[in-house]
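This report describes selected local features of the structure shown below.

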Number of protein chains: 2
Amino acid sequence: MVEVTRSTALGVVGASELFQFLRDGAPRTRSALAQATGLARSTIAARVDELMELGLVTPVADAVSTGGRPPSQFALNPAARVVLAADFGASHASLAVTDLAGTVLAERSEALDIADGPVRVLGWLVETGRALMAEIGRDRTDLAAIGIGVPGPVEHATGRPVNPPIMPGWDRFDVPGWVQQHLEVPVLVDNDVNIMALGERQVAWPRTDHLMFVKVATGIGSGIVSGGALQRGAQGIAGDIGHVQVARGAEAACHCGNRGCLEALASGPAIARALRERGLDAVTGRDVVDLVKRGDLTAVQAVRQAGRDIGEVLTACVSLVNPSVIVIGGSMAQAGEQLIAGIREIVYTRSMPLATAHLQVVQSAAPENAGVLGASMLAIQHVLSPEGVDALAAR
Amino acid sequence: MVEVTRSTALGVVGASELFQFLRDGAPRTRSALAQATGLARSTIAARVDELMELGLVTPVADAVSTGGRPPSQFALNPAARVVLAADFGASHASLAVTDLAGTVLAERSEALDIADGPVRVLGWLVETGRALMAEIGRDRTDLAAIGIGVPGPVEHATGRPVNPPIMPGWDRFDVPGWVQQHLEVPVLVDNDVNIMALGERQVAWPRTDHLMFVKVATGIGSGIVSGGALQRGAQGIAGDIGHVQVARGAEAACHCGNRGCLEALASGPAIARALRERGLDAVTGRDVVDLVKRGDLTAVQAVRQAGRDIGEVLTACVSLVNPSVIVIGGSMAQAGEQLIAGIREIVYTRSMPLATAHLQVVQSAAPENAGVLGASMLAIQHVLSPEGVDALAAR
């Protein structure tokens, strides 16, 4: 197992910082950008020149005349290129073409089983990507990069899934290499919850540097943005909280082989199982959500208790990561305020006051497409990075 | 509470990356540095020119002639400037003058109570710093920056302690402002465990980007290096694991007002209290360490159990942060292998295999001076950052 290389990590960090300031589309001067990013003026000037040559940023008429020579302003040109953004779940696939501001230009979702293996799934991506590009009349040369989220751990530096439990056939598969045989652009791959954290931040928390996105669905996982950067950890599995043990769960057997894991107590199927034991008709998380929406008291109480279990683990996360926002997403978040109420009950009771004084625990603002938007962000960050700009210039 | 500004965060990240490659003193070419850091060549060239003008890096004769014009190599010049590095604990103070490679040139340690307040403690720093500089014959103009670690949460962007529980009189005190009235150089302040993580990495794990340093002493806390950068969190309290609840601890009252906190079970004083209840003569963590070293079986078992309690919390940390190294330091680490054995027992049993396959849990390699070395790193990173270089050039 190779750690993410330093050069890659830095490239992404630096790029994401400049990108943060460009992506809102507001016109800025070079010196404003230098001040905002802390990068040297010479660095900013060189980067902006490169971006302009490629048409990625364009000069903008100054809004206010300063009397003397007006400062030269510029802004991101979102239409200059497009990216493909794919979000693969256990049994669904979503693919979008977005511009460089992350705006979706065309999108398709389908039932697709990740267990069908990489050739079938990535073949769908290539084929559907070409069709979507054609639909909106964009040429293959307009495509700048592809971002892909998959439901398992990924070695981000190489784009290879590593021991993914629900992705048979994908272990160490060279995802970028395969896709590039058909579409010759940079391909970025990451865990689905990580890209949801990026997407949620893009949509709802663009100025927040410390955010944790928790997905509660068939499994439970989280993506952590800390210090403005997505944290992947040494093996690309940072945020994998589904198998942390919960006090209440001593007897619950988990599919991982351990007992008492959070996922064995608070995931959609785990809640459904608990409801079945109490005589209710529930098999999937979807059934649980339906029961809650119908006001079934047993289901409401079970979801609230699942929230408390998740809150128990998140209390440790709050101490360790010290986020300012925790976003709850995934299909079980559709059970409404009950899940979040249980989480808040424990997080706000058990954490240190300094850690929670400014902490918000909220529902996802992009429950349907955080994954696609995050995959788009992953791709765009790369396109606007020094590495990405070099690659575009060389084409 | 203001979050660490993006510009500051980026300045530190970028600087630390270039610094990583310079600090080993090995000669390198500009293009080798560009390749290693992922920064644009123009950026590297500009940075190196600035550093050379200030004497911080110097040209080095090429070791191997390449036949044609040899590439121009250069290396860090550690003697060009010095920094002051201070590590303040609850009741001790250490201060060192180091060169730009972090080599200690002069050092002093004293019993000093942090509760005496900032004017008394920082006054000691200024006075002792001047004396140490004089001792080694370095001029005031040689001093480039000051790094300070304190035993409490710090808003890193401003250098102000925030609600520090054991530092009366320090809340929101402008540490850099006060010190700069006497020594006009940049002053960087951080939590003591954070700087220990930096120091430990410098000494023992220079190529590790995902490291967690756990201090077990009168209190319990941790410093997290993730993706190559120290993670501070939204309020500067990331890594504050002492008040995470432990299953076994339901009845243990903690000084924070909650029950069952890790610190109420596994800190030095907590173990001593447990031993007193069993008739042994122990008041401090020091007494516990002495008993273990004398082979007292009850003390050995108590320390091992404390290790298991710490391991329980670290299991969540392993899932969340996915480090490749966990370093155990602080005075209780001197109890030897018993503490670590307890930690390993739980971490390796309860964590997911993928997270522990490449995880090392080790004792601190710099138990005595990780704090001072980390404070030195904090200062040197700033000196070599674009911001720091600009400040030096303007003097």
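Asn163(A) is found in the loop between strand 9 (160-161) and helix 5 of chain A; helices (H or I, at least four residues) and strands (E, at least two) are DSSP runs, numbered from the N terminus. This is a predicted model, in which local features need pLDDT of at least 70 and side-chain atom pairs count only at pLDDT 80 or more, while totals for chains, interfaces and linings use all residues. Residues are numbered from 1 along each chain as its sequence is written, and chains are lettered from A and ligands numbered from 1 in the order in which they are written.

Most residues other than glycine have a negative phi. Asn163(A), although not a glycine, has a positive phi of about 45 degrees. It counts as partly exposed because it has 17 C-beta neighbours inside 10 Å; a residue is buried if 20 or more other C-beta atoms lie within 10 Å of its own, exposed if 12 or fewer, and partly exposed in between, with C-beta atoms placed from the backbone. In chain B, Asn163(B) is found in the loop between strand 9 (160-161) and helix 5. Asn163(B) is likewise not a glycine and has a positive phi of about 45 degrees, and it is partly exposed, with 17 other C-beta atoms within 10 Å.

## An exposed loop residue of chain A

The loop between helix 5 and strand 10 (187-191) of chain A contains Glu184(A). Glu184(A) is exposed, since 11 other C-beta atoms lie within 10 Å. Although 41 residues separate Glu184(A) from Leu143(A) in sequence, their C-alpha atoms are 9.1 Å apart in space.

## Helix 4 of chain A

Helix 4 of chain A comprises 18 residues (118-135), which should span 26 Å at 1.5 Å a residue; its end C-alpha atoms are 25 Å apart, in agreement with that value. The expected span of a helix is 1.5 Å times one less than its number of residues. The buried residues in this helix include Pro118(A), Val121(A), Leu122(A), Leu125(A), Thr128(A), Gly129(A) and Met133(A). They lie on the same side of helix 4 of chain A because they cover an arc of only 140 degrees around the axis; the arc is that of the directions from the helix axis to the C-beta atoms. An α-helix has 3.6 residues a turn, so residues three or four places apart point the same way.

The face turned away from the buried side of helix 4 of chain A carries the exposed residues Val119(A), Glu127(A), Ala131(A), Ala134(A) and Glu135(A). The cover over the buried residues includes strand 4 (82-88), strand 5 (92-99), strand 6 (104-111), strand 7 (143-150) and helix 5 (175-180) of chain A. Gly137(A), with a positive phi near 70 degrees, follows helix 4 of chain A.

## Helix 4 of chain B

In chain B, helix 4 (residues 118-135) has 18 residues and reaches 25 Å from its first C-alpha to its last, close to the 26 Å expected at 1.5 Å a residue. Its buried residues are Pro118(B), Val121(B), Leu122(B), Leu125(B), Thr128(B), Gly129(B) and Met133(B). Seen down the axis of helix 4 of chain B, these residues fall within an arc of 140 degrees, so they line one face of the helix.

On the other side of helix 4 of chain B, the exposed residues are Val119(B), Glu127(B), Ala131(B), Ala134(B) and Glu135(B). Among the elements covering the buried residues are strand 5 (92-99), strand 6 (104-111) and helix 5 (175-180) of chain B. After helix 4 of chain B comes Gly137(B), whose phi is positive, near 70 degrees.

## Helices 10 and 11 of chain B

Helix 10 (residues 297-321) and helix 11 (residues 337-350) of chain B pack at an angle of about 40 degrees, with their axes 6 Å apart. Helix 10 of chain B is therefore oblique to helix 11 of chain B; angles under 35 degrees count as roughly parallel, over 145 as roughly antiparallel, 65 to 115 as roughly perpendicular and the rest as oblique. Axes are lines fitted to C-alpha atoms, for helices over the stretch in contact, and angles run from 0 to 180 degrees between N-to-C directions.

Leu339(B) lies in helix 11 of chain B and is buried, with 28 other C-beta atoms within 10 Å. Beyond its neighbours within four places in sequence, Leu339(B) is in contact with residues including Val303(B), Ala306(B) and Gly307(B); two residues are in contact if their C-beta atoms, placed from the backbone, lie within 7 Å.
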